[in-house]
Amino acid sequence: MASGLLLGGAVAALITAAIPAHNSSPVFDNPPPDRIVIDVATVNGSGCPAGTAAVAVSEDNTAFTVTYSDYLAQVGGSSNPTAFRKNCQLNLVVHVPSGFTYAIAKADYRGYASLQSGASAVQRASYYFQGSSQTVFKNHNFSGSLNDNWQATDTTDWAQLVWAPCGVQRNFNINTELRVNAGTSTPSKVSFMTMDSTDGDLSTVYHMAWQQCPAK
């Protein structure tokens, strides 16, 4: 993937930042006026082979979108035994305008699932900054029979947001995963789950909250 893509921020992680307490609800329409630039350092995983993932920023800097075109996990039939689990890790270098910090208040995931009766699937995501501990995965479970688009949302209350440290550059990691379990379904029938929409692309949207850093 080419570096230098524009991005509107990064995801909250387990790292301390000297940010004053804030009691209001997250607001997504008050971003810094300057564009935010991201360099994609690495893209790794069976769910995002080279050239199948892309990043774009919203025009108002309040959200960014990760798009996948080959993110599919499946079991049953003639499926490869390792295809039941697919994952992707994005390592991002985010350049934020001076005087601002950011956190992720909400993440929307979308895709399509075709699960036989007795089969199940899980979508997982976690986020962390370079040098910090990886956050606990947030899981969303699905059960067959199911043959429809799916959506999952992770939401964080304002008081629980963890902000990027002011004045320090940290690479940011997004880990996602799909797993499909055949369970008691008929072994000859295929169950699958994708991170993609009807046009073959998934748009995973991360919504940013912004604050100004304390004056030095």
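Ser145 sits in the loop that joins strand 8 (138-143) to strand 9 (146-155). Strands here are DSSP runs of E with at least two residues, helices are runs of H or I with at least four, and both are numbered from the N terminus. The peptide bond leading from Gly144 into Ser145 is cis, with omega near 5°. Most peptide bonds are trans.

This is a predicted model, in which local features need pLDDT of at least 70, side-chain atom pairs count only at pLDDT 80 or more, and totals for chains, interfaces and linings use all residues. Residues are numbered from 1 along each chain as its sequence is written, and side-chain values use heavy atoms, with hydrogens and water left out.

Strand 8 also holds Asn139. Asn139 counts as partly exposed because its relative accessibility is 40%; the class lies between buried, under 20% relative accessible area, and exposed, over 50% (1.4 Å probe, protein chains only). Leaving aside residues up to four places away in sequence, Asn139 touches Val122, Gln123 and Arg124, where a contact means heavy atoms within 4.5 Å. Asp154 is 15 residues from Asn139 along the chain, and their C-alpha atoms are separated by 9.1 Å.

The protein as a whole has 12 strands and 0 helices. Of its 216 residues, 46% count as buried. Among contacts with a separation of 6 or more, 84% are between residues 24 or more positions apart.

Two residues give examples of such pairing across the sequence. Val93, in strand 5 (residues 85-95), is buried because its relative accessible area is 15%. Gln211 belongs to strand 12 (residues 202-212) and is buried because its relative accessibility is 8%. Gln211 and Phe100 are 111 residues apart along the chain, with 5.8 Å between their C-alpha atoms.

Of the 20 lining residues, the closest to the centre are Phe100, Pro165, Cys166, Gly167 and Val168. A pocket is an open set of points on a 1 Å grid over the protein atoms alone, where a 1.4 Å probe fits, with protein on both sides within 12 Å along at least five of seven lines; lining residues have an atom within 4 Å of a point. Strand 6 (residues 100-115) supplies the largest share of the lining, 3 residues. By type, the lining has 13 nonpolar, 5 polar and 2 charged residues. Nonpolar means Ala, Val, Leu, Ile, Met, Phe, Trp, Tyr, Cys and Pro, charged means Asp, Glu, Lys and Arg, and the others, Gly among them, are polar.

The accessible surface of the protein is about 10200 Å², and 48% of it belongs to carbon and sulfur atoms. This area comes from the Shrake-Rupley method with a 1.4 Å probe.

The mean pLDDT, the predictor's confidence in each residue from 0 to 100, is 77, and 78% of the residues reach 70 or more. Residues 1-29 have pLDDT below 50, and this stretch has 110 contacts in the model beyond near neighbours in sequence. Residues 197-202 are also below 50, with 15 such contacts. Where pLDDT is low, the predicted coordinates should not be read in detail.
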